[in-house]
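Student: I would like to learn how to read a few features of a structure. Please show it to me first.
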Amino acid sequence: MTTRRIIRLFMPYRRAVLLVVLLVAIFSALNAAIPLLTQVVFDRALFGKDGPRPDLLALIAGLAAVTAAGAAGVDLAQAWISGRMAQRVIHSLRTRLFGHLQRMPLGFFAAARSGEIQSRLANDTNQIEDAIKDTLPSLLGSLLAFLFALGAMFSLSWPLASVTLCLAPAILWVSARSGRALKILSAAGQRARAEIASIAAERLSLGGITLARVHGRDGHEAAVFGAESERLARLGVRAGLAAQSVLSAGHIFFVLTPYIVFVAAGLMDGITPGTLIAFVVLQSRLYQPLWQILHISTEFRTAQAAFERVFEYLDLPPGPPPAVRGGGAGEVRVARASYAYAGPEDEARWALREVTLDLPAASTTLIVGPNGSGKTTLGYLLAGLYEPAEGTVRIDGRVCLAPQEALLFQGSIADNLRYAAPDAGLDDLVAACATTRMHDRIMALPDGYDSVVGERGALFSGGERQRIALARALLSDAPVLVLDEATSALDPLTEREVIHAVLRRRSGMTTVMITHRFGGLDTFDTVVVLDGGRVVESGAHPELLGNRHGLYARMVRAQAVQRGEGAVEDLPSSLVSTGSACSCSGSVRQLSMDGQMSRINYET
Ligand SMILES: Nc1ncnc2c1ncn2[C@@H]1O[C@H](COP(=O)(O)OP(=O)(O)OP(=O)(O)O)[C@@H](O)[C@H]1O
């Protein structure tokens, strides 16, 4: 099955394959012809009836030189064509794998370890590259060289040639057995390599190292890595042994057969010395390709395991196509949409249940709710990144989502900003960064917008990263923008300023904001409150605030207390510990969007 799929990879290059076969055949034929000249040298030119014949010797030497030069030229052409073909096959496999992974549902990346993905994309394809770069021409060449040498041996003396092959079944048996073991060992080795890559990617990151240091777990991390590395080393030793057992069996064959041939020649009549010498030369020509075939078969078994790991990823069903809907007005309609994540036993864990929402074009919506209530999941549904399991999500226009984790790629600030808008001029970048209050900070850097951000933006603070990422999202000018706690790392004053500026810049476009810090945010058209995956409240800010026992009002009041804007003694216990239903009234101070302090009267 795997072998058939591997062969199919070469189908687009079948003409090149045929050409390689032809060139290898010519090379092998030219090579096999040289030992036949040896027979003429010995039996006619040196020890013939008429004694040594210099003219014939010179002719044979000339013929050998032309044959060798021709063989070298053909070999060079063959190496060029097969090298190009192998690289193209690998290139298309690598890019197919990358493209397929890009289309995988987001849940795949949530569950997979990044080291595992990288390992299949890099280690496994490297292993395949090593194998197919050498395998095809060497295998063909060796097979043909073997057949030509065998043919020449049969043409010299078929009984001696038959004797030569008597040990072959034993070699084939050892080779088949070791090959199977090698495939299993090498699959285990590739898995161990992927595990090592995953450990390194996770633990040798900035966050991983910091975590290990603050918890004093450096020794433990080194031990985990060491154990996996040792497992890989042990697998390597066993795989080496399996591969060597094939080669050792071949070695016994190579050493024994000349003596078997000598014994057989001694028992036969009419074998001339020239025939026997040509036979011995041909035997060495037989061993070389046979050795090569055994060696390639072990390499191929190793590559087969790598192929299977790559095919396994290619066979995974891709996710829905990305929701790119340009030119829409920016309206989003969610009707009775539910979404479930797959649990450990593949059981459905519902994160959203029957959510219905209407986001008119140019509206602003605030989504709030306790931890785990489904806000991020809803944001992903609105952005078309998740497909609802039930119900529908209709998006009219392109959606951009700015997540809480602001991912910046290695490169300059300008490169990262232009990821969203490749044609944006410096003025556009400046305007976007001014909106997110990042421009002055960037200008204070020696290289300004050309400053490098480091891996994943590590050279900037969390709040700075978020402000650059938010500017990038603004540059996309998508009709719908979902901000999923995209300002959570900003200090409260800057956050308010930035949110104000973002809403001003996006007036006329649809903006959705998911946040935990909404205490003083009253400028959104609609507030949607989620709890346990369901919409429990929705409406304008004052309207929801008026519902004294509502989750929103209770959360706003609790935040006011946290910010010290209302003394705890001002507030009834029900405002701090949510859930009880007592009735009382009071007031808290609140910082409004324009930075003014005011008091909110409340009654519960
Ligand atoms: N990839 C995932 N696989 C399985 N369950 C998930 C996954 N992501 C989220 N969940 C679960 O789905 C539920 C909703 O998660 P979600 O991230 O949408 O909540 P949230 O309201 O954004 O939470 P928070 O305020 O903590 O960010 C939670 O119970 C969470 O454990």
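Tutor: This is a predicted model. We can start with the ligand: 13 residues surround the ligand, and Tyr341, Ala351, Lys375, Thr376 and Thr377 are the closest.

Student: Which helices and strands each supply at least two residues of the shell around the ligand?

Tutor: Helix H4 (106–111), strand S2 (348–359) and helix H11 (375–382) do. H11 gives the largest share of the shell, 3 residues.

Student: How do the residues of that shell divide into nonpolar, polar and charged?

Tutor: The shell has 8 polar residues, 3 nonpolar and 2 charged.

Student: Now to helix packing. What describes two packed helices?

Tutor: The angle between their axes and the distance between the axes. In this model, helix H2 (residues 14–46) packs with helix H3 (residues 54–102) at about 160°, and their axes are 9 Å apart. Angles over 145 degrees count as roughly antiparallel, and H2 and H3 are therefore roughly antiparallel to each other. The crossing of H2 past H3 is left-handed.

Student: Which kinds of residue make up the contact of H2 with H3?

Tutor: The contact divides into 24 nonpolar residues, 5 polar and 2 charged.

Student: Where does UniProt place the feature "transmembrane region"?

Tutor: The unreviewed UniProt entry places it at residues 56–81, 136–154 and 160–176. Such a record can be set beside the model. Residues 56–81 are 100% helix and 0% strand, with end C-alpha atoms 37 Å apart. Residues 136–154 are likewise 100% helix and 0% strand, and the end C-alpha atoms there lie 26 Å apart.

Methods:
Residues are numbered from 1 along each chain as its sequence is written. This is a predicted model: local features need pLDDT of at least 70, side-chain atom pairs count only at pLDDT 80 or more; totals for chains, interfaces and linings use all residues. Axes are lines fitted to C-alpha atoms, for helices over the stretch in contact, and angles run from 0 to 180 degrees between N-to-C directions. Helices (H or I, at least four residues) and strands (E, at least two) are DSSP runs, numbered from the N terminus. Angles under 35 degrees count as roughly parallel, over 145 as roughly antiparallel, 65 to 115 as roughly perpendicular and the rest as oblique. A crossing is left-handed if the near helix is turned anticlockwise from the far one by less than a right angle, and right-handed if clockwise. Ala, Val, Leu, Ile, Met, Phe, Trp, Tyr, Cys and Pro count as nonpolar, Asp, Glu, Lys and Arg as charged, and the others, Gly among them, as polar. A residue is near a molecule or strand if its C-beta atom, placed from the backbone, lies within 6 Å of it. UniProt positions are given in the numbering used here, feature names are shortened, and annotations may be inferred rather than shown by experiment.
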